[in-house]
Amino acid sequence: MRPDAIGIWSGKVLEKLRWYYEVMNGWKPAKYLICKKVGLSDSGLDGYSFEELIGIHNELSYKFRNMFSSIRDGKLSLTDFNNLENPRVTYLDVKVKLIGDVLRSCYLCEWRCGVNRYESRGSMCRLGLETYVSSYFLHVGEEAPLIPSGTIFYGSCNFRCVFCQNYEISQLRPYDGVKVNAKELALIQKHLHREGAININHVGGEPTPNLLTILESLKYLDVNIPQLWNSNMYMSAETLNILMDVIDIWLPDFKYGNNTCGLRLSKVRDYFDVVSRNHIAICSAGDPIIIRHLVLPNHVECCTKPILEWIAKHCSNALVNVMAQYRPEYLVITCREEYRDIGRGPTSKEMEEAYEYARKLGISFEEVS
Ligand code: SF4
């Protein structure tokens with residue numbers, strides 16, 4: 001265990017990540033467990049149209065919020081929560097059913113391919129219904145409040161970052177991992193919990209295209225452990241709405257301060273519009289969040305500064321990891337001329353400029369950077 005992982009729990013960090021901290025310590029139930037206590041007395045969900053299911057989801061979301069507030073504010077104890085009756089059909093079941101329906105004409109992410117993933121594969125994620133796990137282990141290199149983190153690396157990604165460090169599993173060989181179903185994924189999570197993980201860290205590649213398996217795995221999971229979403233945040237607004245009440249702590253990447261750099265370096269359209277929209281949804285819900293921003297060389301003015309300004313304005317409750325570890329990888333090395341601007345690591349002058357700007361804006365970054 002890194003010593004900073006123990007000393008980190010005070011002041012701003014504790015204040016901003018309180019829900020996650022209390023779940024991590026077993027004092028409160030993880031949100032996915034609350035989702036399993038909220039539900040309907042119906043015997044199943046067959047026969048409901050998609051629109052009717054959305055209506056049920058909204059209704060249960062309201063019930064979830066009430067129960068969540070009671071637990072968070074100490075009005076409902078863990079013992080009383082555990083003694084609550086288990087509904088026949090849960091809020092989690094409704095989420096699984098909705099995501100299963102979204103996959104029939106997939107718009108899990110903003111590519112909105114419209115592919116029926118029961119029959120074929122997504123054009124960017126290249127996944128059908130299958131989920132591949134490249135590796136899973138206790139990660140001790142994450143931010144201090146997160147370690148040891150039970151990290152699960154899923155194959156495939158919906159981005160094509162030219163500097164991707166995980167390009168082998170995300171872009172070149174997304175099917176190289178072990179194919180898992182929901183029950184097997186739950187077993188992996190139980191194993192990580194037994195080994196001492198303090199959270200389950202869903203990452204990739206990108207976890208979003210694997211959402212059906214991930215949500216379904218929670219039906220078979222019964223250990224109290226925070227769920228952490230480590231993502232590029234390019235999911236659709238509809239997907240985020242379904243995922244919202246399941247995740248205890250968010251670990252999003254916020255890479256580019258505009259759409260143009262997103263298109264050039266990750267090959268995605270409307271990058272800033274989509275990712276900032278999703279950050280707003282999370283931050284306005286008051287969820288624990290650590291935003292990661294990787295400082296790219298020569299992108300301090302166009303990306304780092306606008307992102308920091310945006311965070312200060314819209315996500316002041318976030319902790320921010322201003323990251324210095326960018327190194328040229330993958331296409332930046334093979335297409336050296338095309339990506340010359342990011343052909344080196346950030347200089348100490350660039351990093352100091354980024355830190356100074358964050359400091360000036362009053363952003364909480366020193367604790368996790
Ligand atoms: S997850 Fe995204 S990239 Fe994959 S099929 Fe769905 S919309 Fe397309």
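1. Ligand shell. The ligand is surrounded by 15 residues, the closest being Cys106, Cys109, Cys113, Gly122 and Cys125. A residue counts as near if its C-beta atom, placed from the backbone, lies within 6 Å. By class, the shell holds ten nonpolar, three polar and two charged residues. Here Ala, Val, Leu, Ile, Met, Phe, Trp, Tyr, Cys and Pro count as nonpolar, Asp, Glu, Lys and Arg as charged, and the others, Gly among them, as polar.

2. Basis. The model is predicted: local features need pLDDT of at least 70, side-chain atom pairs count only at pLDDT 80 or more, and totals for chains, interfaces and linings use all residues. Numbering starts from 1 along each chain as its sequence is written.

3. Domains. The chain splits into domain 1 (1-248) and domain 2 (254-369). These bounds come from an automatic or database domain assignment. Their C-alpha centres are 24 Å apart.

4. Domain contact. Domain 1 puts 25 residues in contact with 27 residues of domain 2; contact requires C-beta atoms, placed from the backbone, within 7 Å. On the domain 1 side, helices H2 (11-16), H3 (18-24) and H11 (237-243) each supply at least two residues. H2 gives the most, with three. That side has 18 nonpolar, one polar and six charged residues.

5. Sheet. Six strands form an open sheet, ordered E5-E3-E4-E6-E7-E8, with mixed pairing. Strands E5 (178-180) and E8 (249-252) are the edges, each pairing on one side only. Helices (H or I, at least four residues) and strands (E, at least two) are DSSP runs, numbered from the N terminus. Pairing needs at least two DSSP bridges.

6. One pair. E6 (residues 200-203) and E7 (residues 227-231) run parallel, joined by three bridges. Ile200 has Gln227 in E7 as its bridge partner.

Methods:
Contact = placed C-beta atoms within 7 Å.
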